[in-house]
Amino acid sequence: MMINELKMTEIKPPSWTELEMLVNDLKKKHTNKLLTDVETKILKGIFDDKKYADLAEEIRQEEQSIKNAAYDLFKILSEQTGEKIGKSNLITALARWYRDNSQTFDHNNKPQTQQSNKVLELVIEVGIDDLTPEKIDKINNLIQKIARDNTIKPIMKLKGSIRLFLEGSEDGLQRLADLHQSGELQALLNELKSDDIPEIVVTKAEFTTDAKVIEKAELIKAIREGTIDKTTLQQVDLSGAILRGAILIGAILRGANLSGANLSDAILRGAILSRAFLSGAFLSEADLSGADLSGANLRGANLSEADLSEADLSEADLSEADLSGANLIDANLRRANLIKANLRRANLIEAILSEADLSGANLRRANLIKAILIEAILIEADLRGADLRWANLSEADIENAIFIDATGITPEQKQDLIRRGAIFGDTSNDRSKVLV
């Protein structure tokens, strides 16, 4: 019935989060207090069109007690909106009131339209070692709802607790700073967060005055907007920058610091990143085809599903990097450090891996057709199910490397590999039976 009424009046119904935030704001304005747990459950019950009797049973309280609490809340909302509000019209009345007041209902009665040049530093602590880009996105969605500003987004993330630097409208950012000052920001984030994010402790929410941080933020924004000369980025500090989806085709980032940066889905085709620092960077599904990453530090970087075809990764440090499902066709990985790297299902057709160190690397089901592994170190590497047709393993160190279910190996090659220490997991692996 409520939804039909909304459709008739052409008012967009609020989501549960929007309704909760609006009622929270109205109650706080009236009583300087937020919704209680019982009031929140009552509001959610009304949103879900539940009867008082069912709601009372669900939260284990007397039905009359539920009605009394609801009546007190309706009275507050009626006084704040100037319209008589009850259970039957609560959603439509609030949706209509918000539609008519959305430009002015704010902590200081200003429309949130002007983008701020200021940068808000938000320092949080969570019960996990680090925050993935996906979890940062979830937290930012909460921040947008609390600030009532969908233009707010993180510019960079630095360690030291978790330091998020945010851009957005000045009103939205100021609201976050004010809520932290009053002690409410942390409570709101924890009330709205999903179960996969542990408790959030907000230790700081202030506009930064650090000139270096502001300058760095402006640089990141210019890169996002495509208004910067891409040939001027050598040795710049972009550590922790959030540049997901950025277009940096042919950019010259030689020696740049991009450690911990989020470049997922970024287009870096033909970019020059030689000797760049990308340790711990997120580059999943990024386009790095033909890029120069020679000598780059990619230790622990996430390159899953990235396109690195024809890229130059010679002498790069990719130890413990995630390259699962990556496209490395024709890539140059000569003398690269791939110790304990995850190359599961990676496409390494005709890749050059001469003298590369793949000790303990995961190469399960990797496509190594025509790959060149001359003098490569494959000690204890896992090549189960890998396709090794026409691969060149001459003089490679394969002591205790696992080749179980690997394909494309001739009987003669198998005997040679066993002689050199490979593990095939069947009776043929008995080296005493292999002719020397």
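User: Leaving out residues up to four places away in sequence, which residues does E184 touch?

Analyst: Once residues up to four places away in sequence are set aside, E184 touches K28, L34 and L179. Please keep in mind throughout that this is a predicted model.

User: Where is E184 found, and does it count as buried or exposed?

Analyst: The general idea is to compare the relative accessible area with a cut-off, and a residue is called buried when that value is under 20%. E184, which is found in the loop between α8 (170–181) and α9 (185–192), counts as buried because its relative accessibility is 11%. Its side chain is also joined to the side chain of S182 by a polar contact of 2.7 Å.

User: How should I read the pairing of strands, and which strands are joined to β3?

Analyst: One looks for bridges, and two strands are said to pair if at least two bridges are found between them. Here strand β1 (residues 120–126) is joined to β3 by five bridges, and these two run antiparallel, while strand β2 (residues 153–159) is joined to β3 by six bridges, again in an antiparallel arrangement.

User: How do I read a nonpolar core, and which residues touch the most other members of the largest one?

Analyst: In soluble globular proteins, nonpolar side chains tend to be buried together. The largest nonpolar core of this chain has 84 residues, of which L328, L338, L348 and F403 touch the most other members. The elements giving two or more residues to this core are β2, α10 (211–225) and α11 (411–419), and α10 gives the most, with five residues. Another core, of 28 residues, lies apart from it, with I139, L142, L166 and L179 among its members.

User: Which residues are in contact with L348, leaving aside its neighbours within four places in sequence?

Analyst: With those neighbours left aside, the residues in contact with L348 include L328, L333, L343, L353 and L363, and also N367 and I369.

User: What does the radius of gyration say about the whole chain?

Analyst: The idea is to set the value beside that of a compact globule, which for 436 residues would be near 22 Å, whereas the chain has 29 Å. Taken along the principal axes, the C-alpha atoms fill a box of roughly 95 × 55 × 40 Å. The chain has 11 helices and four strands, and buried residues make up 48% of its 436 residues. Among contacts between residues at least 6 apart in sequence, 29% join residues at least 24 apart.

Conventions
Residues are numbered from 1 along each chain as its sequence is written. This is a predicted model: local features need pLDDT of at least 70, side-chain atom pairs count only at pLDDT 80 or more; totals for chains, interfaces and linings use all residues. Side-chain values use heavy atoms; hydrogens and water are left out. Buried means under 20% relative accessible area, exposed over 50%, partly exposed in between (1.4 Å probe, protein chains only). A polar contact is a pair of N or O atoms within 3.5 Å; within protein, one must be able to donate a hydrogen and the other to accept it, and residues adjacent in sequence count only if both atoms are side-chain atoms. Contact means heavy atoms within 4.5 Å. The radius of gyration is taken over C-alpha atoms; the globule rule is 2.2 Å times the number of residues to the power 0.38. A nonpolar core is a set of buried Ala, Val, Leu, Ile, Met, Phe, Trp, Tyr and Cys residues joined through side-chain atoms within 4.5 Å.
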